[in-house]
Every structure is written in C-alpha cells, then in structure tokens.
Amino acid sequence: MTSHPLELEERVVALFVANRAFSAAGSGPELARLQTWFRRALENSQDALVMVDMEWRVTYVNQRGEEILGCTGDGLVGKYLWEELPHLKGSAIEIRCREAQRDETPAEFEASLPTRDVTLGVRAHPTFQGLAIFLRDITARRAAESALRESEERFRLIARATADALWDWDLRTNTLWWGDGIHKISGFSVDELAPDLSSWSDRIHPEDRDRVLDAIHRVIDTGGDEWEAYYRFQRREGSYAEVVDRGFVVRDEDGTARRMIGGMRDRTESLRAEERIRFQAHLLDAVAQAVIATDAEGLVTYWNPAAEALYGWHKAEVLGRSIIEVTPTTQSYEDSVGIMAAIRRGESWSGDFEVRRKDGSTFHAQVTDSPILDSNGEVIGVIGISSDATEQRELENRLRQSQKMEAVGRLAGGIAHDFNNVLTVILGRARLVLDDLAEASPHREDLDQIVLSAERAAALTSRLLAFGRNQVLQERIVDLGAAATEMQSLLGPLLPERIELRFEAPASPPLAKVDPTQLQQVLLNLAINARDAIDDCGTITLRAESLELGAEEVSEMPWDMSPGRYAALSVQDTGSGIPAEHLDQIFEPFFTTKPEGLGTGLGLSMVYGMMKQSRGFVTVESAVGEGTTFRLLFPQVESPPATELSAESPTPVGDQEAPGVSGPEFP
C-alpha cells in the first residue's frame with residue numbers, strides 16, 4: 001500500500017521529533033538502535049531534508065541536502081539558514097517556507113535554484129519545533145515531461161495536418177484512437193466514432209472485410225511487425241473510399257503484441273487520376289502516328305508503339321537517350337536551332353525532312369513539335385507527332401508529273417495542230433508546183449527536198465498529236481498475244497542478228513480495246529528503244545499476260561489506277577538500263593540523252609500519249625546494267641464474238657525514231 005507523499009513526510013517528521021525527544025530523555029540499547037536506524041534511513045534518502053527551528057536555525061541536514069544546497073552539514077547546523085544561503089534570500093523557496101511556518105500549513109511547490117540550472121520539488125512541513133523542508137531534484141523529470149508534451153503536441157499537430165487518418169489500437173483493451181484525418185476520408189468526426197475496433201471493422205466493404213481482418217490478425221499472431229492492405233472504407237453518406245492502410249505492431253520484450261499504430265490514406269482520386277493517365281496512354285499507344293515526348297534537354301521520356309514501328313527502335317532502347325541520337329535527320333544546324341528557338345518561345349513547329357531509321361534506311365518524316373509547359377509557362381519538354389510522308393511525297397510527285405505531262409500534252413497538241421495546218425498548205429502547194437514542173441527543170445530537186453522535209457515535219461506533228469491525245473482513234477478489241485506475235489515481221493528487218501527476239505503469250509489471250517495501228521506504233525517505238533539500249537548481244541522479249549492488281553499493288557503504281565484485271569503487254573530488254581535520276585523524265589517531250597541530231601525525244605512521249613488516250617497505263621522498271629521493262633496496261637475486256645476481233649496488221653514503212661533514253665550512252 002502506498003502513501004501520499006505528504007503523509008509519508010509527516011511520518012518522517014514525527015519520527016525525527018520523537019528521536020530528538022528520546023535523545024533528551026536518556027539512553028539505552030533499544031534507543032541507540034532506533035537512533036542508528038533512523039539516521040541511516042535519513043542519510044540514504046534520495047530527498048534532501050533540512051530541519052530548522054522557529055528562529056530558522058538549522059538543526060539537521062542529510063547528505064542529499066548537502067549535495068543539492070552545495071554545502072556541508074557541519075558548516076550549516078546551528079546557523080541561520082537564510083544567512084548561510086544568501087542566494088536563497090528573497091527566492092520562492094524562502095517566501096513559501098516562511099508562509100508555511102507562519103500559517104502552520106504544509107506547502108508543496110516547485111522552484112529553481114538561483115545559482116544552478118536545477119528545478120526542485122519543495123515540500124515544507126511545520127513542526128512544533130520549527131519546519132522540515134524536503135527538496136527533490138526534478139530537473140530530469142521535468143525535462144522528460146516537457147519532451148513528452150512537445151512530442152505529444154507534435155503528434156497532435158501532425159495528426160491534424162496530414163491527409164492520412166492516423167490510428168492507435170491498444171490490443172490489450174481493444175480501444176481504438178482516431179486522428180482528425182479520419183474526417184477527411186470518411187466524413188465522420190472523431191467524436192462520432194466508437195473508441196473500439198468496430199469503428200473500423202464495421203465500415204470495411206463486406207467483400208473486403210474477411211480478407212483484411214485475416215491479414216491483420218495473421219501479422220499480429222505470427223510475430224510480424226508490419227501490415228498493409230488495400231480495401232474500400234465506407235463514408236458517412238454510404239459510398240466507399242478506396243484506401244491503403246498500413247500499420248506497425250508494438251511488442252513487449254517477450255514478443256507479446258501490445259498495440260498497433262498506423263495510418264489510412266484515401267487513394268480514390270489518385271486511382272482516378274491513374275486511370276485517366278492509363279486511358280490517355282492507351283489512346284497514345286493506339287494512335288497510328290508516332291508520338292514521342294522529350295524533356296527540356298531533349299532526352300526521350302515517351303515512345304509509343306507507332307514510333308517503334310516507324311523508327312525501328314524499341315521503347316526500352318530509347319528512353320533516356322537523346323532524340324537527335326535515335327532519329328538523326330538531314331536538317332542543317334541552322335534549321336535545328338531555329339526549331340528549338342520557336343519551341344522555347346512556346347510555339348509549335350511543323351515540317352518534313354529525311355530521317356534515318358535504326359537499320360540505316362531513310363524515309364521522309366512529316367513532323368509536328370509542340371512545347372510542354374509547366375504551370376508557370378516554362379518549357380519543360382517537347383511532344384512530337386510524326387508520320388512517314390514518303391508515300392504522300394510520291395503521290396504528290398506523281399500528281400505534279402501527271403499535271404505537268406497533261407499541260408505539256410495540251411501545249412504540244414495545240415502547237416502540232418496549228419503546225420500541221422501550215423504543213424498541209426506547204427505540202428499541197430509544193431506538190432501542185434511539182435506536178436506542173438517539167439521533168440528537166442533545175443528546180444525539181446529543190447521542190448522534192450521541200451516535200452520530203454514537210455512530210456518529215458508532218459510525222460513529228462503526228463507524234464506530238466499522239467502525245468497530246470488529239471488523234472482520232474479507231475478502237476477494236478485486240479488479242480494482245482496475237483498483236484505481239486505479228487510484230488515479228490515488222491521488227492525482224494530492224495534488229496541485228498546479235499539481238500534475239502522472243503515472244504511469250506498465255507493460252508487464254510488477254511483482250512483489250514485499243515487502236516491496232518496505235519498499238520503497233522507503240523510497240524515499234526519501245527522495241528527500237530530496246531534495240532538501241534543493247535550494246536552487244538542481248539534479248540528483247542515481248543510478253544502478253546493477264547494481271548489481277550489489288551489495292552496494294554495499284555498504290556505502288558506511278559499513275560492513278562483502280563484495282564482490277566488488266567491486259568498487259570511488256571517489252572523487256574537486257575540492255576544497259578536507265579539511271580534512276582532520269583526515270584521521272586523519260587516521258588517528257590524532247591527529253592533525250594542521245595547526241596544532238598540523233599533523236600528528238602518524242603518516241604516515249606508518243607507512247608505515253610497513246611496509252612493515256614486509250615485509257616491505259618505505261619510503267620517502267622529499270623536498273624543500270626540490268627535492263628529495262630516497259631509494261632503497257634489496258635483494262636481487260638471479256639471475250640467478244642470472233643467477228644469483233646481485229647485481224648488487221650498495218651505495217652508502217654521505214655524505221656522509227658526512238659528517244660534513246662535507255663541506250664548505251666548512259667554511264
């Protein structure tokens with residue numbers, strides 16, 4: 001049984017007075033033993049004891065009193081207390097002790113020693129002889145209490161400031177303390193929640209409750225120190241917050257779980273934000289264009305699947321690397337500086353340039369770069385959207401080429417038509433004069449040269465009219481295989497023995513609606529052009545066939561074609577081939593690589609014009625040193641009655657002029 005401090009000290013005072021009384025009365029063995037025991041108890045006490053009489057003379061000081069007051073008992077006993085300890089003069093200790101003696105009432109208070117950084121707990125007890133003063137050094141205790149108060153205040157403020165709901169579960173009493181953060185999560189105030197585990201467990205979503213409770217008890221029962229769970233926690237209005245809860249077990253020295261302290265965090269909004277980010281990422285991943293993001297230093301931070309397919313780099317290979325390193329371009333340094341300057345000003349930039357892929361191949365990239373700004377408007381990165389513009393470039397080039405050829409064709413056709421009218425007059429008048437001129441006339445030879453030159457000019461205008469598609473067609477359904485075979489009699493005299501002429505035709509003849517005369521003229525021009533391309537021995541092959549062209553195949557053609565079935569007639573040679581830089585020009589009028597005087601450059605122009613007028617297409621495949629193949633493509637027609645098939649084989653007289661673009665003069 002413990003006694004109140006004042007009651008204990010009153011007993012000590014009583015014993016001290018009794019001891020003095022026994023000493024005055026006499027001596028004896030029992031009294032001596034009692035005095036020895038009593039003095040030993042006082043000397044070993046952790047409290048300081050100072051006894052004074054009614055005049056404030058010191059009658060007793062124990063060892064602890066000497067230590068606290070900083071003096072020796074021999075120098076203090078029998079002397080006036082306040083005179084021997086002048087630093088206590090006027091202090092709280094003197095004032096409260098005098099009040100206790102005057103009022104004959106015990107006093108208990110705290111005071112500091114003026115000369116030392118020490119806090120004392122003082123208790124003064126009046127006696128009939130004077131005053132008993134107990135002193136205890138409580139400096140360490142007060143510091144610990146202050147630290148505890150500060151820690152508790154800090155914890156309280158943290159509990160109020162944090163977004164987490166802090167909790168403390170006393171496992172011995174099953175009481176649960178909640179911090180103010182629970183209101184932010186659930187809408188309940190701390191006062192509305194029962195101070196036991198039910199305030200938590202009853203609000204766990206029914207589908208999550210067993211799992212969460214099993215997990216937390218497993219940690220507690222198996223000696224674990226940490227627990228974490230994700231679950232749904234009910235709010236005041238009945239909805240559920242998605243929370244993450246984490247707790248730490250506090251155990252005794254023997255490992256018994258004593259309490260658990262933790263915090264609950266609402267992650268509902270973060271989950272929604274993550275879901276939005278995932279949705280946006282899925283959108284970017286699904287975009288057919290390459291989407292690339294970099295930081296302000298140009299290091300790659302995002303690389304979608306389309307970028308992987310376009311540039312050949314996997315995302316894991318480029319993240320954190322310089323965008324210039326993984327997508328090198330043909331841009332000049334000045335262009336790059338200008339682009340970056342525009343982006344730093346917060347502007348977007350669009351353009352196209354050639355980019356090299358991981359495998360070394362290049363393509364035309366259409367790029368749009370936009371700055372990524374922070375809340376202060378500062379550029380913190382760049383997002384770029386790019387696509388392969390190679391096909392678009394090719395289509396644009398084809399369109400420009402087609403438009404150019406169309407314009408040139410109209411111009412050439414108009415000029416040829418007007419020039420043909422002039423030649424008609426010249427030829428007519430020259431022949432009239434020639435008919436009336438005597439055979440022996442010295443002017444007859446001059447007129448013959450005029451007529452011959454006019455006829456040659458008429459042939460040129462005929463080719464220009466063919467290119468301009470101004471000729472009148474006499475179309476029939478023609479077997480292209482038969483048309484190719486019939487060319488043997490025409491080409492035989494024109495080809496040297498060193499060149500072999502071959503014919504290939506399928507069993508089922510490909511049919512097309514075409515002007516037979518024009519077709520023979522086209523084949524003759526292409527065959528002569530092939531002849532001139534072969535330096536030594538070689539082969540010219542005329543091949544007829546039916547082709548089924550799909551959407552992907554016609555998209556690779558240089559002309560605007562539709563998918564479907566085509567009747568094809570090819571002229572293939574094993575000559576020197578055509579340089580790639582000339583392939584886009586070979587059908588232009590007057591383009592030739594032959595020396596001056598050996599060609600007008602109208603042969604392939606005529607082929608182009610005739611094919612366009614017949615609603616057909618002409619393609620060319622060539623490589624230097626590997627030969628050239630011209631392919632004529634006509635929309636294929638169904639088999640007509642035998643009477644509709646053309647049996648005519650017009651035979652043009654004389655050699656035909658060829659443009660020479662695939663001849664041996666190419667290096």
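1. Is the crossing of α19 and α21 left-handed or right-handed? In this predicted model, the crossing of these two helices is left-handed. Helix α19 covers residues 516-533 and helix α21 covers residues 603-613. The angle at which α19 and α21 pack is about 145°, and their axes lie 9 Å apart.

2. On the α19 side, the residues that meet α21 are Gln518, Gln521, Val522, Asn525 and Leu526. Their counterparts in α21 are Gly603, Leu604, Met606, Val607, Met610 and Gln613. Sorted by class, the contact of α19 with α21 has 6 nonpolar and 5 polar residues, with no charged residues.

3. The next point concerns the largest pocket. About 790 Å³ of space lies in the largest pocket, and 30 residues line it. Nearest the centre of the pocket are Ile323, Ile324, Ile339, Met340 and Asp369.

4. Which elements give two or more residues to the lining of the largest pocket? They are the strands β11 (290-295), β13 (349-356), β14 (362-373) and β15 (379-388), together with the helices α14 (323-326) and α15 (333-344). Helix α15 supplies the largest share of the lining, 6 residues. By class, the lining of the largest pocket has 17 nonpolar residues, 9 polar residues and 4 charged residues.

5. Glu626 sits in the loop between β21 (617-623) and β22 (627-635). Is Glu626 buried or exposed? The relative accessible area of Glu626 is 65%, and the cut-off for exposed is over 50%, so Glu626 counts as exposed.

6. Which residues is Glu626 in contact with, leaving aside its neighbours within four places in sequence? The contacts of Glu626 on that basis are Gly575 and Ser576. Glu626 and Gly575 are 51 residues apart in sequence, while their C-alpha atoms are 6.7 Å apart in space.

7. For the protein chain as a whole, the secondary structure comes to 21 helices and 22 strands. The chain has 667 residues, and buried residues make up 40% of them. Of the contacts between residues at least 6 apart in sequence, 57% join residues at least 24 apart.

Note on methods: Residues are numbered from 1 along each chain as its sequence is written. This is a predicted model: local features need pLDDT of at least 70, side-chain atom pairs count only at pLDDT 80 or more; totals for chains, interfaces and linings use all residues. Side-chain values use heavy atoms; hydrogens and water are left out. On a 1 Å grid over the protein atoms alone, a cavity is a set of points where a 1.4 Å probe fits but cannot get out, and a pocket is an open set with protein on both sides within 12 Å along at least five of seven lines; lining residues have an atom within 4 Å of a point. Grid points are joined across faces, edges and corners, and a volume is the space filled by probe spheres set on the points. Helices (H or I, at least four residues) and strands (E, at least two) are DSSP runs, numbered from the N terminus. Ala, Val, Leu, Ile, Met, Phe, Trp, Tyr, Cys and Pro count as nonpolar, Asp, Glu, Lys and Arg as charged, and the others, Gly among them, as polar. Axes are lines fitted to C-alpha atoms, for helices over the stretch in contact, and angles run from 0 to 180 degrees between N-to-C directions. A crossing is left-handed if the near helix is turned anticlockwise from the far one by less than a right angle, and right-handed if clockwise. Contact means heavy atoms within 4.5 Å. Buried means under 20% relative accessible area, exposed over 50%, partly exposed in between (1.4 Å probe, protein chains only).
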